[in-house]
Amino acid sequence: MVNRRGGRPGTVVLALDGELEHDTVAPLRDALKENAAAVRVVVDCTGLRFCDSTGLNVLLRTRLRMLARGGHVDLAGLRPPVRRIFEITGALQVFRVYADADAALADADA
């Protein structure tokens, strides 16, 4: 489910695939822990078809931890069904959201 690929120094891109829910969130949690020293995590959701509250909560908690130490969690490639859960909950307003991972990595201000 989670695929790591490098970005700028201090930036980690995690590409999600399939569904992010209670039974499948562990690989994302593990990847986030493994990359806890990153300054920025870009979560590439291009391959993500579904996200429930468990997945959303993992991303929100990680965002808070990273913000507390000056880091960021950004989202990229949100497809309509996944984007909808972020809109409904208001979480879309707290993340920087990009069209795709390349656009996130190209953002010089991030």
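## Buried, exposed or in between

A residue is called buried when its relative accessible area is under 20%, exposed when it is over 50%, and partly exposed in between. Arg29 has a relative accessible area of 34%, so Arg29 counts as partly exposed. Keep in mind as you look around that this is a predicted model.

Now try the idea on Thr11, which sits in strand β2 (residues 11–20). Its relative accessible area is 11%, which means that Thr11 is buried.

Let's return to Arg29, whose place is in helix α1. In this helix, Leu28, Ala31 and Leu32 are buried. These residues lie on the same side of α1, because they cover an arc of only 100° around the axis. What does the face turned away from the buried side of α1 carry? That face carries the exposed residues Lys33 and Glu34.

## Salt bridges in helix α3

The count for this model comes to 4 salt bridges. One of them joins Arg83 and Glu87, with the closest N and O atoms 3.5 Å apart. Arg83 and Glu87 are separated by about one helical turn, because they are 4 residues apart in helix α3 (residues 80–89).

Glu87 also meets the side chain of Arg84 in a salt bridge, at 3.6 Å from N to O. Both residues lie in helix α3, 3 residues apart, which is about one turn of the helix.

Another salt bridge brings together the side chains of Asp74 and Arg40, at 2.6 Å from N to O. This pair links distant parts of the chain: Asp74 is in strand β4 (residues 72–76) and Arg40 is in strand β3 (residues 40–51), 34 residues apart.

Are these two residues buried or exposed? Asp74 counts as buried, because its relative accessibility is 1%, and Arg40 is buried too, with a relative accessible area of 4%.

Terms used:
Residues are numbered from 1 along each chain as its sequence is written. This is a predicted model: local features need pLDDT of at least 70, side-chain atom pairs count only at pLDDT 80 or more; totals for chains, interfaces and linings use all residues. Side-chain values use heavy atoms; hydrogens and water are left out. Helices (H or I, at least four residues) and strands (E, at least two) are DSSP runs, numbered from the N terminus. Buried means under 20% relative accessible area, exposed over 50%, partly exposed in between (1.4 Å probe, protein chains only). The arc is that of the directions from the helix axis to the C-beta atoms.
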